[in-house]
Amino acid sequence: MNPTMKALYDLQQVDTKIGRLRKDHASLDTGARTKQELEEARSELARDQEALKKASASLKDTELELQGVESKKKELEKNLYGGKVRNPKELTTIEQEIESLKHRQDRLEEIILEHMESVEKAKAAAAQKEAVASAKEKEHRETVANYQKETGRMRGVLQQLSAERARRVATLDAEALRRYEAMKAKSGDLAVAAATDNTCEGCRMAQSAAVMRHLKQGDAYIACQNCGRYLYFEEEGASD
Ligand SMILES: [Zn+2]
């Protein structure tokens with residue numbers, strides 16, 4: 001076991017943890033998807049509420065028109081039976097008008113029933129959309145809360161790891177650190193790989209007896225024959 005390689009290997013463990021943590025954080029659900037779904041649910045709800053408003057207004061309009069027809073009819077009936085109008089021709093005209101108003105009244109009553117049905121349907125649709133929107137809102141709130149909680153937790157762990165990294169870096173000489181950083185940059189963040197069971201941890205390639213001999217005698221910067229990463233070797237039971 002080479003002390004410099006041991007120190008670099010320990011630094012690598014910290015960096016691997018930091019890398020994993022950053023990746024875990026990047027894969028957290030930020031709530032962007034639930035936010036979009038919530039917005040869609042809200043706009044669908046608004047659309048259905050608008051349709052309900054329109055249906056209710058149509059119903060109201062028709063009811064008012066019916067009231068107008070009914071009072072007009074009553075007025076004409078008063079004229080017809082009140083004895084004020086005596087001219088037969090005029091009376092016939094009034095009778096015809098009353099008849100026509102009766103038809104209109106029947107038609108309006110039919111239309112009112114149709115509108116009532118539309119209002120009921122629109123109400124049910126809006127209520128359903130409201131339930132969807134409120135469920136989405138809850139889901140979004142929980143997703144964001146979880147994201148914030150996890151982010152806070154990860155930030156705490158990252159601070160600890162960063163402090164540990166700084167402590168480890170402080171013990172290394174500039175040359176070792178330079179070599180480590182350069183290897184890390186070109187080897188997918190893994191600069192130092194353990195050579196366990198004569199195999200490189202980084203690429204899973206078996207190492208030759210010559211490489212293992214160098215490692216066992218404590219040589220520094222022995223590279224994997226396949227991926228080129230620095231190998232770290234520790235005799236079994238020698239771990240700290
Ligand atoms: Zn390798």
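Q: In which loop is the place of Asn 198?
A: The model is a predicted one. In it, Asn 198 sits in the loop that runs between S1 and S2.

Q: What is the phi of Asn 198, and how is such a value to be read?
A: Most residues other than glycine have a negative phi. Asn 198 is not a glycine, yet its phi is positive, near 60°. As for its surroundings, Asn 198 counts as partly exposed because it has 14 C-beta neighbours inside 10 Å.

Q: What is the phi of Asp 197, and in which loop is its place?
A: Asp 197 also has a positive phi, of about 50°, although it is not a glycine. Its place is in the loop between S1 and strand S2 (199–200).

Q: Where is the place of Ala 195, and is Ala 195 buried or exposed?
A: Ala 195 belongs to strand S1. Its 23 C-beta neighbours inside 10 Å reach the cut-off of 20, so Ala 195 counts as buried.

Q: With which residues is Ala 195 in contact, leaving aside its neighbours within four places in sequence?
A: The partners are Cys 200, Gln 207, Leu 215, Leu 231, Tyr 232 and Phe 233. Tyr 232, for its part, is in contact with Met 5, Tyr 9, Val 192, Ala 193, Ala 194 and Ala 195, its neighbours within four places again left aside.

Q: Which residues have the most contacts inside the largest nonpolar core?
A: In soluble globular proteins, nonpolar side chains tend to be buried together. Here the largest nonpolar core holds 20 residues, and those with the most contacts inside it are Leu 8, Val 192, Ala 193, Ala 195, Tyr 230, Leu 231 and Tyr 232.

Q: Which elements give two or more residues to this core?
A: They are H1, helix H4 (174–186), strand S1 (192–196), helix H5 (209–216) and strand S3 (230–232). H1 gives the most to this core, namely five residues. Apart from this core lies another one, of eight residues, among them Leu 38, Leu 45, Leu 52 and Val 119.

Q: Which residues of H3 are buried, and what covers them?
A: Val 119, Ala 126, Ala 133, Lys 136 and His 140 are buried in H3. Their cover includes helix H2 (32–81). Ala 135 also lies in H3, which comprises residues 88–170. Ala 135, however, is exposed, because 12 other C-beta atoms lie within 10 Å. In space, Ala 135 and Leu 38 are 8.8 Å apart, C-alpha to C-alpha, while in sequence they are 97 residues apart.

Q: How is the chain divided into domains?
A: Domain 1 comprises 3–25 + 173–232, and domain 2 comprises 31–169. Their C-alpha centres lie 67 Å apart. The contact takes 11 residues from domain 1 and nine residues from domain 2. On the side of domain 1 that touches domain 2, helix H1 (residues 3–26) gives the most, with 10 residues. By class, that side has six nonpolar, one polar and four charged residues.

Q: What does the radius of gyration of the chain show beside that of a compact globule?
A: The chain has 42 Å, whereas a compact globule of 240 residues would have a value near 18 Å. Along its principal axes, the C-alpha trace spans about 135 × 35 × 30 Å. Buried residues make up 16% of the 240 residues.

Q: How many helices and strands are there, and in what order do the elements run?
A: The chain has five helices and three strands. From the N terminus on, the order is α-α-α-α-β-β-α-β. Among contacts between residues at least 6 apart in sequence, 73% join residues at least 24 apart.

Methods
Residues numbered from 1 in each chain as written. Predicted model: local features only at pLDDT ≥ 70, side-chain atom pairs only at ≥ 80, totals over all residues. Domains from an automatic or database assignment. Contact = placed C-beta atoms within 7 Å. Helix = DSSP H or I, 4+ residues; strand = E, 2+ residues; numbered from the N terminus. Nonpolar A, V, L, I, M, F, W, Y, C, P; charged D, E, K, R; others polar. Core = buried A, V, L, I, M, F, W, Y, C linked by C-beta atoms within 7 Å. Rg over C-alpha atoms; globule rule 2.2 N^0.38 Å.
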